[in-house]
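Reader: I have a structure on my screen and a few quick questions. Can we go through it together?

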Amino acid sequence: MRKTVLPVLTALMIGSITVGAVAATRLPQYEWAEDGVQYCLDNGIISGDEFGELDLGGNLTRAQMARIFTDTFGLKKVSKVDFTDVKTTDWYYPYELAIFNSMPKRGSEFNGGEYVTRAEFAATLVKASGAKAADSYTITNYSFSDAQEADDAYKNWLETAVVNLYMLGDSGYIRPNDLLTRAEACTFLYRVINPSAGKTPITGDAQVTVEQAQKWAKACGAHERFINAAPVYWQYGEIFGIRPEVMYAQAGKETAYGKYGGAVLPEMNNWAGIKIKSPEGDRTEDHETFATPDDGIRAHFNHMSAYVGLAPVGEPHDRYYVVKTIAWAGTVKFIEQLGGRWCPNINYGYEILDMIEVMKQY
């Protein structure tokens with residue numbers, strides 16, 4: 001995949017103006033798209049008119065999408081495509097030849113002037129980038145109430161887009177059939193070109209003190225056992241190189257701040273809902289038991305180490321080795337990626353992030 005897009009995408013331009021002037025007129029409602037828009041400005045994919053307007057809420061045609069992906073990913077043209085509505089004199093003729101093999105769904109017509117949906121753009125983006133379709137539509141279907149509204153041809157490609165955080169939902173909806181906006185097009189593309197953009201590392205030094213964490217826990221009505229566990233989390237955070245506030249917030253989420261109340265019992269010293277090697281369901285006996293609270297915290301860090309690609313400390317529990325056999329083991333570097341991996345809910349990591357942001361205020 002090329003890291004830059006050199007050709008100016010005139011089909012997506014709405015005039016011309018200097019990048020600095022355009023950036024100065026960006027609207028607050030599109031702050032979430034700022035990095036993606038700037039990337040597209042810097043690489044000539046979009047431009048503003050004489051008034052500095054970017055039309056970020058405007059929609060994108062299939063012909064424009066074809067040129068974006070051809071220029072970005074260096075797509076190779078096929079010799080001939082029998083779309084009945086495309087002429088060799090059409091400006092997008094070479095681009096429909098190039099995008100043909102990256103289209104998850106094709107008909108007899110190309111319909112180059114037709115606006116594309118979020119689902120079509122995301123699915124085509126995944127395929128054009130060289131990524132593979134997922135084997136199932138499980139995580140997306142679990143996480144978004146409107147997931148089944150997507151065309152079947154796009155579903156497994158959407159799963160890849162969602163799991164890799166190229167495409168995000170909103171308030172439990174993914175809006176697959178909404179028309180794609182220019183702001184969304186820039187953002188989806190930027191997330192593929194820059195996989196770490198806008199994501200929060202799991203590893204690194206603590207950004208919250210243990211005192212802050214304990215004050216936060218008390219304010220959340222935590223059980224004394226959870227409050228007392230904080231110093232141990234910070235000790236293991238330094239040993240593993242994993243941010244302890246990430247782990248402590250996750251433990252708070254998994255154990256109801258040490259009050260438990262679900263299948264996992266307090267005496268099991270299981271701070272993260274870790275399963276046994278071969279669970280049959282979500283019963284108490286399907287979860288691991290650790291000898292002491294400290295052993296359970298070390299197991300929590302060992303389990304996360306299998307996700308992020310770090311060495312364990314001491315002898316890991318059985319489930320650690322199960323995680324190590326999964327294709328994505330060692331690749332989960334960001335909190336946002338925990339959704340769909342640690343938990344089937346794609347918003348799981350974002351919920352932990354929200355907890356950490358509150359923790360920082362103490």
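Reader: Start with H9 and H10. Is their crossing left-handed or right-handed?

Author: The crossing of H9 and H10 is right-handed. Keep in mind that this is a predicted model.

Reader: Noted. At roughly what angle do the axes of H9 and H10 cross?

Author: Roughly 155°, and the axes come within 9 Å. H9 covers residues 210-219 and H10 covers residues 224-240.

Reader: Roughly parallel or antiparallel, then?

Author: Roughly antiparallel. Angles over 145 degrees count that way, and H9 and H10 are therefore roughly antiparallel to each other.

Reader: Which residues make the contact?

Author: From H9, they are Val210, Ala213, Gln214, Trp216, Ala217 and Lys218. From H10, they are Phe226, Ile227, Ala230, Pro231 and Trp234.

Reader: How do the residues of that contact divide into nonpolar, polar and charged?

Author: The contact of H9 with H10 has 9 nonpolar residues, 1 polar and 1 charged.

Reader: Switching to cores. How many residues are in the largest nonpolar core?

Author: It has 62 residues. Ile46, Phe69, Phe73, Phe121 and Leu189 have the most contacts inside it.

Reader: What follows H2?

Author: Gly44 follows H2, and its phi is positive, near 75°.

Reader: Which residues other than glycine have a positive phi?

Author: Arg175 is one of them, with phi near 50°. Tyr260 is another, at about 55°. Most residues other than glycine have a negative phi.

Reader: Where is Arg175?

Author: Arg175 sits in the loop between H7 and H8. Its relative accessibility is 30%, so Arg175 counts as partly exposed.

Reader: And Tyr260: buried or exposed?

Author: Buried. Tyr260 has 10% relative accessibility, and the cut-off for buried is under 20%. Tyr260 lies in the loop between H11 and H12.

Reader: What about Asp286, buried or exposed?

Author: Asp286 is buried, with a relative accessible area of 0%. Its place is in the loop between H11 (244-255) and H12 (293-308).

Reader: What does Asp286 touch?

Author: Leaving out residues up to four places away in sequence, Asp286 touches Lys275, Ile276, Pro279, Glu280 and Gly281.

Reader: Last one, Tyr93. Where is it?

Author: Tyr93 is in helix H4. At 22% relative accessibility, Tyr93 counts as partly exposed.

Reader: What does Tyr93 touch?

Author: Tyr93 touches Val86, Lys87 and Thr88, again not counting residues up to four places away in sequence.

Reader: How far apart are Tyr93 and Gly112?

Author: They are 9.4 Å apart in space, C-alpha to C-alpha. In sequence, Tyr93 and Gly112 are 19 residues apart.

Key:
Residues are numbered from 1 along each chain as its sequence is written. This is a predicted model: local features need pLDDT of at least 70, side-chain atom pairs count only at pLDDT 80 or more; totals for chains, interfaces and linings use all residues. Side-chain values use heavy atoms; hydrogens and water are left out. A nonpolar core is a set of buried Ala, Val, Leu, Ile, Met, Phe, Trp, Tyr and Cys residues joined through side-chain atoms within 4.5 Å. Buried means under 20% relative accessible area, exposed over 50%, partly exposed in between (1.4 Å probe, protein chains only). Axes are lines fitted to C-alpha atoms, for helices over the stretch in contact, and angles run from 0 to 180 degrees between N-to-C directions. Helices (H or I, at least four residues) and strands (E, at least two) are DSSP runs, numbered from the N terminus. Angles under 35 degrees count as roughly parallel, over 145 as roughly antiparallel, 65 to 115 as roughly perpendicular and the rest as oblique. A crossing is left-handed if the near helix is turned anticlockwise from the far one by less than a right angle, and right-handed if clockwise. Contact means heavy atoms within 4.5 Å. Ala, Val, Leu, Ile, Met, Phe, Trp, Tyr, Cys and Pro count as nonpolar, Asp, Glu, Lys and Arg as charged, and the others, Gly among them, as polar.
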